[in-house]
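Here is a note for a colleague who is opening this structure for the first time. The points below may be read with the model on screen.

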Amino acid sequence: MTERALRLGTRRSKLAMAQSGQVADAVRRATGREVELVEITTYGDTSREHLAQIGGTGVFVAALREALLRGEVDFAVHSLKDLPTAPHEGLALAAVPRREDPRDALVARDGLTLDRLPDGARVGTGSPRRMAQLNAYARSHGLRIETVPIRGNVDTRIGYVRSGELDAVVLAAAGLRRIGRSGEATELLPVDSVLPAPGQGALAIECPADDAVLVAALSVLDDPHTRAAVSAERSLLAALEAGCSAPVGALADLLGDGRELTEMRLRGVVGTTDGSALVQLSITGPVPTSHGDAIALGRELASEMLAKGAAGLMGERAL
């Protein structure tokens, strides 16, 4: 008797379907079982409000998690940066596959790069984190830009540039790559200028915690280095008590001498959305050998950032 197909819960957007399809292929190869995609609409997909207004954290994952807990799907794929930092009772983060490029990408008219944007350029992004760093970059380089809040899928956002409504938009490079449109980026923004969102470029595969067989089957897709890096980044976010709509950027790199990895460097930034004030710090420690090590590195950097006034730059705490 053949085993029934595994049901993978996914958001309906083109990007979500693309990344879920890639995970489905990997699960088929790893387990030999068929996988079918089950499309689920989340509140974050249907609301036209800005992310900060609708609660930011978790608006794209709640419906998927409810479907998991009701047994309507067997596992779900999320963009890790959308996942609340607190674990969800009854669910296991079974795998964090190898991360895509975590950087932000600029899609600008006429092939322009950030430093070549015209005076007063209108740059679209729905992210307070991106606004804070883009405005800080402009201030420090004597540029004048206007950051314009936008929502919508990749097509909608790039459409603002193609129509001439905006001079540029900023998107996650990983998202463009997963839907085969990375060629439309006119620049990959260096992380020294714009740190990505904690967990950006990584996926999260969740399933019921009590399904030990499925947890074990999915765990073969886990990349330990990616998991350690995003655990440190998300620990920083949690320790700052900020949600995914807060102006917080973080990136953990594993560093080595070419033969082996010896250190993890974690960089973090918090800023006011107008870019007038930023707290940007980094910390380096041994490569984490446990989840607890990664969490500790994030907490340590968060405490240093809070000591430098980070809390006052985030506006109201996300509850």
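This is a predicted model: local features need pLDDT of at least 70, side-chain atom pairs count only at pLDDT 80 or more; totals for chains, interfaces and linings use all residues.

1. Helices (H or I, at least four residues) and strands (E, at least two) are DSSP runs, numbered from the N terminus, and the expected span of a helix is 1.5 Å times one less than its number of residues.

2. Residues are numbered from 1 along each chain as its sequence is written, and side-chain values use heavy atoms, with hydrogens and water left out.

3. In H1, the residues Ala16, Gln19, Ser20, Val23, Ala24, Ala26 and Val27 are buried (buried means under 20% relative accessible area, exposed over 50%, and partly exposed in between, with a 1.4 Å probe and protein chains only). They lie on the same side of H1, because they cover an arc of only 170° around the axis, where the arc is that of the directions from the helix axis to the C-beta atoms. Their cover includes strands S1 (6-10), S2 (35-39), S3 (75-79) and S10 (203-208), together with helices H6 (173-178) and H7 (212-218), contact being heavy atoms within 4.5 Å. Just after H1, glycine 32 has a positive phi of about 75°.

4. Helix H5 (residues 154-162) has Val154, Arg157, Ile158 and Val161 buried. Seen down the axis of H5, these buried residues fall within an arc of 90°, so they line one face of the helix. They pack against S5, strand S8 (168-172) and H6.

5. The second largest pocket holds about 410 Å³ of space. On a 1 Å grid over the protein atoms alone, a pocket is an open set of points where a 1.4 Å probe fits, with protein on both sides within 12 Å along at least five of seven lines, and lining residues have an atom within 4 Å of a point; grid points are joined across faces, edges and corners, and a volume is the space filled by probe spheres set on the points. Its lining has 23 residues, of which Thr85, Pro87, Leu93, Arg234 and His291 lie nearest the centre. Strand S4 (91-95), helix H8 (224-239) and helix H9 (291-307) are the elements giving two or more residues to this lining, and H8 gives the most, with seven.

6. Threonine 85, in the loop between S3 and S4, is partly exposed, with a relative accessible area of 31%. Leaving aside neighbours within four places in sequence, threonine 85 is in contact with Arg234, Leu237 and Ala238. The C-alpha atoms of threonine 85 and alanine 238 are separated by 6.0 Å, although these residues are 153 residues apart along the chain.

7. Most residues other than glycine have a negative phi. Aspartate 110, however, has a positive phi, near 55°; this residue is found in the loop between strand S5 (104-108) and strand S6 (121-124), and is exposed, with a relative accessible area of 65%.
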